[in-house]
Amino acid sequence: MSINSSKAIRCPSCGQLQEITVWNSITVKDSPDLKADLLSGRVNIFKCGSCSHSGLVPAPLLYHDEDKKLMISFSPCDDEQLKQRLFENVRETSKGSGELSGYSGYNLRFVCEYNSLLEKILIFDAGLNDKAVEIIKLLILSQEPEKQDDRFCVFGKKEEDSIEFMVRDIKENMIYTSRAPISTYDTIWQQLRASGVKPYSFDWEMVDAVYADRLIKGINN
Ligand SMILES: [Zn+2]
């Protein structure tokens, strides 16, 4: 069930008070339109009617796709330590309520960035697993190690025989396109599966660059 609430939010730029619908839960089956709004960056984004300032509403959101057996818990946060605490909270709350038993075969993801939420939805919609995709992102960035610190790589789209990625360089202020063959994805995914990585979750997981780095080291060992 998709759940929302109405909140009065003060514009951080001009101080104008404005009513906004805040979504706390989106169930794709009930609300396909809402998913489309989310993917176009219109859910929980505040737009001031007075000064047109826009920004993310600091509210957690649970995304649930029953058909794809995908659940993403999004808690907006840009502090590393707080992120870890929020992640542990989500894990403990789930364990305490026993709700995970109802989600066997699911992929359960925890994210703190709006863009990561959208990226994960697109990855699973393309029939891919984000664990292998995160490894490819690291491999792409490692091709130019001296620029790695200034670059972000994000999933773009799956094409017939390749996967497109966008590489943003904040120093050069440029966006590059990079492609990886589907065969690379397949090989990595097979290696992950062979090393014991499951195509579903037993608990909430944070699948990011740190996670992918640990996986690579695990495979190489
Ligand atoms: Zn404003």
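Helix α5 (residues 182–194) has 13 residues, which at 1.5 Å a residue should span 18 Å, and its end C-alpha atoms are 18 Å apart, which agrees. The expected span here is 1.5 Å times one less than the number of residues.

User: Before going on, what kind of model is this, and how are the residues numbered?
Analyst: This is a predicted model, in which local features need pLDDT of at least 70 and side-chain atom pairs count only at pLDDT 80 or more, while totals for chains, interfaces and linings use all residues. Residues are numbered from 1 along each chain as its sequence is written.

User: What counts as a helix or a strand, and which residue just after α5 takes a positive phi?
Analyst: Helices (H or I, at least four residues) and strands (E, at least two) are DSSP runs, numbered from the N terminus. Just after α5, a positive phi of about 105° is found at Gly196.

User: How should I read the sheet, and in which order do its strands lie?
Analyst: Two strands pair if DSSP finds at least two bridges between them. In this model 5 strands form an open sheet with mixed pairing, in the order β1-β2-β5-β6-β7. Because β1 (3–10) and β7 (107–111) stand at the edges, each with a single partner strand, one side of each is left without a neighbour in the sheet.

User: Which strands does β5 pair with, and do they run parallel or antiparallel to β5?
Analyst: Strand β5 (residues 61–65) is joined by 5 bridges to β6 (residues 70–74), and these two run antiparallel, whereas 3 bridges join β5 to strand β2 (residues 17–27), and that pair runs parallel. Leu61 stands opposite Phe74 in β6. The hairpin formed by β5 and β6 has 4 residues between the strands, and Lys69 in the turn has a positive phi of about 50°.

User: What is a nonpolar core, and which residues touch the most other members of the largest one?
Analyst: A nonpolar core is a set of buried Ala, Val, Leu, Ile, Met, Phe, Trp, Tyr and Cys residues joined through C-beta atoms within 7 Å, where buried means that 20 or more other C-beta atoms, placed from the backbone, lie within 10 Å of the residue's own. The largest core has 18 residues, of which Tyr63, Ile72, Phe74, Val111 and Leu117 touch the most other members. At least two residues of this core come from each of β2, β5, β6, β7 and α3 (114–125), and the largest share, 4 residues, comes from β6. Apart from this core lies another, of 14 residues, among them Ile136, Phe165, Val167 and Leu215.

Technical notes
Buried ≥ 20, exposed ≤ 12 C-beta atoms within 10 Å, placed from the backbone.
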